[in-house]
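Work through the exercises below with the sequence and the 3D view open. Each one gives a task and then a solution in steps.

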Amino acid sequence: MVIIGKGQHQYKANLHSHTTISDGKLTPEAMARAYRKRGYSILAITDHEAPVAHPELNREDFLMITGYEAYIRPDPECRYDPLHPEIHINLLAKQADCVTYVGYDPKFCKYLPHETAEKRPKCGPEGPRLYTGEYIQNFIDCARAAGYLVAMNHPVWSMESEDTLLRLDGLYSLEIYNTGSYTINGSECNNGLYDAFLMNGKMLYCHGADDNHNKKPFEDILSDSFGSWTMVMAEELTYPAVMDALEKGNFYASTGPEIRCLTAEHGHVHVEMSGVQRAILVRSMKLCQNVYRPDGGEITEADFDLPEDTGYAYLILRDRYGKEAHTRAFTRKELGLE
């Protein structure tokens with residue numbers, strides 16, 4: 001099976017960003033201009049509790065994805081508490097014109113003018129949000145029914161327990177890297193949590209995103225832009241093709257390395273990439289195979305043979321600077337084991 005073909009077009013995407021519509025410092029126009037200038041092809045502006053489409057920012061070589069970030073906090077007034085957990089999820093619209101508001105609660109709608117929010121299509125229970133597993137699951141279910149892909153955002157920053165997250169169904173992807181949270185806590189790399197999902201039978205995908213608010217200039221060491229991204233293998237740069245690729249898992253996350261070819265056949269995995277120090281194939285946190293040079297030199301390809309009892313496997317590629325690329329988990333069928 002060819003997972004990533006040689007020469008296959010890869011579209012660089014930031015799937016999580018904030019502008020002056022909510023608490024970001026750049027306008028949507030400035031945000032799109034900055035990402036396009038740096039070689040990105042796809043940008044999702046996901047302002048807090050503000051479902052807004054931005055078709056006017058589309059270009060022939062640049063596509064805007066409609067979406068927004070929703071949050072559920074223990075405080076019924078939506079007050080920020082730095083010492084207790086909360087849930088943040090991204091809703092990416094399968095249709096470009098979808099601006100449905102899920103679980104509308106005026107107290108959580110802090111940025112979008114209420115007269116604007118009131119005119120949005122709505123779904124799910126309106127009124128006070130409840131910080132309970134049942135409510136959160138219902139929120140996810142309603143978002144999916146409304147036509148959204150639902151992603152889990154920055155679980156480290158959110159301080160949410162692994163037990164709570166592993167009970168959730170219907171997530172299409174987990175932020176494996178989040179630049180904005182990493183600039184705050186230095187810890188928003190979620191390999192362990194991702195593997196926990198897989199070990200519990202939750203075969204979701206994983207992606208990288210900036211979650212940028214741009215409170216620091218681009219050249220600042222704590223800039224939250226251009227640090228982690230998602231490479232999307234879509235048939236073409238159109239809204240339907242990109243969303244189809246995201247829904248099918250035809251993408252990988254990166255903070256640096258590029259995957260140039262990835263195949264799997266009869267349990268044999270072959271990967272070609274930009275220069276890295278280690279290629280790690282993971283079957284669990286205890287079952288990993290490493291390809292590397294003992295002298296620390298770079299490798300640009302690696303081969304792995306998987307045992308018959310493999311349940312799933314994914315790749316992590318790490319360069320000499322600690323930058324990584326991370327694929328989603330592949331099933332036994334995709335690995336050619338059945």
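This is a predicted model: local features need pLDDT of at least 70, side-chain atom pairs count only at pLDDT 80 or more; totals for chains, interfaces and linings use all residues.

**Exercise 1.** State what phi Gly201 takes and where this residue stands relative to helix 7. Then decide whether helix 7 is largely enclosed or open.

Step 1: helix 7 covers residues 191-199. Its buried residues are Asn191, Leu193, Tyr194, Asp195, Ala196, Phe197 and Leu198.
Step 2: buried stands for under 20% relative accessible area. Because seven of the nine residues of helix 7 are buried, the helix is largely enclosed by the rest of the structure.

**Exercise 2.** Find the loops that hold Cys78 and Phe226, and give the phi of Cys78 and of Phe226.

Solution. Step 1: Cys78 sits in the loop between strand 4 and strand 5 (87-93). Phe226 belongs to the loop between strand 10 and strand 11.
Step 1: the phi of Cys78 is near 65 degrees, a positive value in a residue other than glycine. For Phe226, phi is likewise positive and near 65 degrees, again in a residue other than glycine.
Step 2: as background, most residues other than glycine have a negative phi.
Step 3: Cys78 has 2% relative accessibility and therefore counts as buried.

**Exercise 3.** Asp211 is a charged residue; is it buried or exposed, and which side chain of opposite charge is nearest?

Solution. Step 1: Asp211 lies in the loop between strand 10 (205-209) and strand 11 (229-232).
Step 1: Asp211 is buried but has no salt bridge. The nearest side chain of opposite charge is that of Lys215, 9.8 Å away. A salt bridge needs a distance within 4 Å.
Step 2: the side chain of Asp211 does make a polar contact, at 3.0 Å, with the side chain of His18.
Step 3: leaving aside residues up to four places away in sequence, Asp211 touches a set of residues that includes His16, Glu69, His154, Asn178 and Asp224.

**Exercise 4.** What is the volume of the largest pocket, and which element supplies the largest share of its lining?

Solution. Step 1: the volume of the largest pocket is about 510 Å³.
Step 1: 22 residues line this pocket, and those closest to its centre are Asp23, Trp157, Ile184, His213 and Lys215.
Step 2: strand 4 (63-72) and helix 6 (179-185) each supply at least two lining residues. The largest share, four residues, comes from helix 6.

**Exercise 5.** How many cavities of 30 Å³ or more does the structure hold, and which element gives the most to the lining of the largest cavity?

Solution. Step 1: there is one cavity of 30 Å³ or more. The largest cavity has a volume of about 40 Å³.
Step 1: its lining includes Ile3, Leu262, Ala313, Tyr314, Leu315 and Phe330.
Step 2: strand 13 (259-265) and strand 18 are the elements that give two or more residues to this lining. Strand 18 gives the most, with three residues.

**Exercise 6.** Describe the surroundings of Leu317.

Solution. Step 1: Leu317 is part of strand 18 (residues 312-318).
Step 1: the relative accessible area of Leu317 is 0%, so this residue is buried.
Step 2: Leu317 and Gly275 are 42 residues apart in sequence, while their C-alpha atoms are 9.3 Å apart in space.
Step 3: not counting residues up to four places away in sequence, the contacts of Leu317 include Pro257, Ile259, Val271, Met273 and Lys323.

Key
Residues are numbered from 1 along each chain as its sequence is written. Side-chain values use heavy atoms; hydrogens and water are left out. Buried means under 20% relative accessible area, exposed over 50%, partly exposed in between (1.4 Å probe, protein chains only). Lys and Arg count as positive and Asp and Glu as negative; His and the chain ends are not counted. A polar contact is a pair of N or O atoms within 3.5 Å; within protein, one must be able to donate a hydrogen and the other to accept it, and residues adjacent in sequence count only if both atoms are side-chain atoms. Contact means heavy atoms within 4.5 Å. On a 1 Å grid over the protein atoms alone, a cavity is a set of points where a 1.4 Å probe fits but cannot get out, and a pocket is an open set with protein on both sides within 12 Å along at least five of seven lines; lining residues have an atom within 4 Å of a point. Grid points are joined across faces, edges and corners, and a volume is the space filled by probe spheres set on the points.
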